[in-house]
Amino acid sequence: MDRPFFVLRTRGAAWDRERTPEEQEGWAEHSAFMTALACDGVVTLGGPLEGTPNYLILARARSEDDLRARLGEDLWARKDILRVERIAPWSVKWRS
């Protein structure tokens, strides 16, 4: 059964600081990959954390290992443009 996780990704060694995210090498492939994860229900929400080199993803997976493996398929992960800084299970509690 899938459970929620939060993922903190950060810029890797290959991130070109002179370029915007959309100008980074492999942007189209990365964007398509993330869109596919959203369509598959893996990523439910994600984006940059303003003023930082980090990106936050809220995701669903069976385990941290499964999620880490899936994110490792991203071209940006393979080229160290964006790397996983931390993955943690997320226990969501709602108040009514």
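Modeller: A word first: contact means heavy atoms within 4.5 Å. The model we are looking at is predicted.

Biologist: Which residues does Thr10 touch, not counting residues up to four places away in sequence?

Modeller: Start with its place: Thr10 sits in strand β1, residues 3–11. Skip the residues up to four places away in sequence, and Thr10 touches Pro53, Asn54, Ile81, Leu82, Arg83 and Glu85.

Biologist: Is Thr10 buried or exposed?

Modeller: The relative accessibility of Thr10 is 11%. Buried means under 20%. Thr10 is below that cut-off, so Thr10 counts as buried.

Biologist: What is the length of the polar contact that joins the side chains of Thr10 and Asn54?

Modeller: Asn54 is among the residues that Thr10 touches. Their side chains are joined by a polar contact of 2.8 Å.

Biologist: Now Arg68. Is Arg68 buried, exposed or partly exposed?

Modeller: Arg68 belongs to helix α2, residues 64–71. Its relative accessible area is 35%. Under 20% is buried and over 50% is exposed. The value for Arg68 falls in between, so Arg68 is partly exposed.

Biologist: What separates the C-alpha atoms of Arg68 and Ile87?

Modeller: Along the chain, these two residues are 19 residues apart. Leaving aside neighbours within four places in sequence, Arg68 is in contact with Val84 and Ile87. The C-alpha atoms of Arg68 and Ile87 are separated by 7.9 Å.

Biologist: Which elements give two or more residues to the largest nonpolar core?

Modeller: That core has 13 residues. Those with the most contacts inside it are Val7, Met34, Leu37, Ile57, Leu67 and Leu71. The elements giving two or more residues to this core are β1, α1, β3 and α2.

Biologist: How many residues are in the other core?

Modeller: The other core lies apart from the largest one. Trp15, Tyr55, Ile81 and Leu82 are among its members. Its count is five residues.

Biologist: Which residues does Leu71 contact, leaving aside its neighbours within four places in sequence?

Modeller: Leu71 is one of the residues with the most contacts inside the largest nonpolar core. Beyond its neighbours within four places, Leu71 is in contact with Val7, Arg9, Phe33, Leu37, Ile57, Ala77 and Val84.

Biologist: Which residues are closest to the centre of the largest pocket?

Modeller: The largest pocket holds about 320 Å³ of space. It is lined by 20 residues. The closest to its centre are His30, Met34, Gly46, Gly47 and Tyr55.

Biologist: How do the residues of that lining divide?

Modeller: Elements α1, β2 and β3 each give two or more residues to the lining. The lining residues divide into 12 nonpolar, six polar and two charged.

Note on methods: Residues are numbered from 1 along each chain as its sequence is written. This is a predicted model: local features need pLDDT of at least 70, side-chain atom pairs count only at pLDDT 80 or more; totals for chains, interfaces and linings use all residues. Side-chain values use heavy atoms; hydrogens and water are left out. Helices (H or I, at least four residues) and strands (E, at least two) are DSSP runs, numbered from the N terminus. Buried means under 20% relative accessible area, exposed over 50%, partly exposed in between (1.4 Å probe, protein chains only). A polar contact is a pair of N or O atoms within 3.5 Å; within protein, one must be able to donate a hydrogen and the other to accept it, and residues adjacent in sequence count only if both atoms are side-chain atoms. On a 1 Å grid over the protein atoms alone, a cavity is a set of points where a 1.4 Å probe fits but cannot get out, and a pocket is an open set with protein on both sides within 12 Å along at least five of seven lines; lining residues have an atom within 4 Å of a point. Grid points are joined across faces, edges and corners, and a volume is the space filled by probe spheres set on the points. Ala, Val, Leu, Ile, Met, Phe, Trp, Tyr, Cys and Pro count as nonpolar, Asp, Glu, Lys and Arg as charged, and the others, Gly among them, as polar. A nonpolar core is a set of buried Ala, Val, Leu, Ile, Met, Phe, Trp, Tyr and Cys residues joined through side-chain atoms within 4.5 Å.
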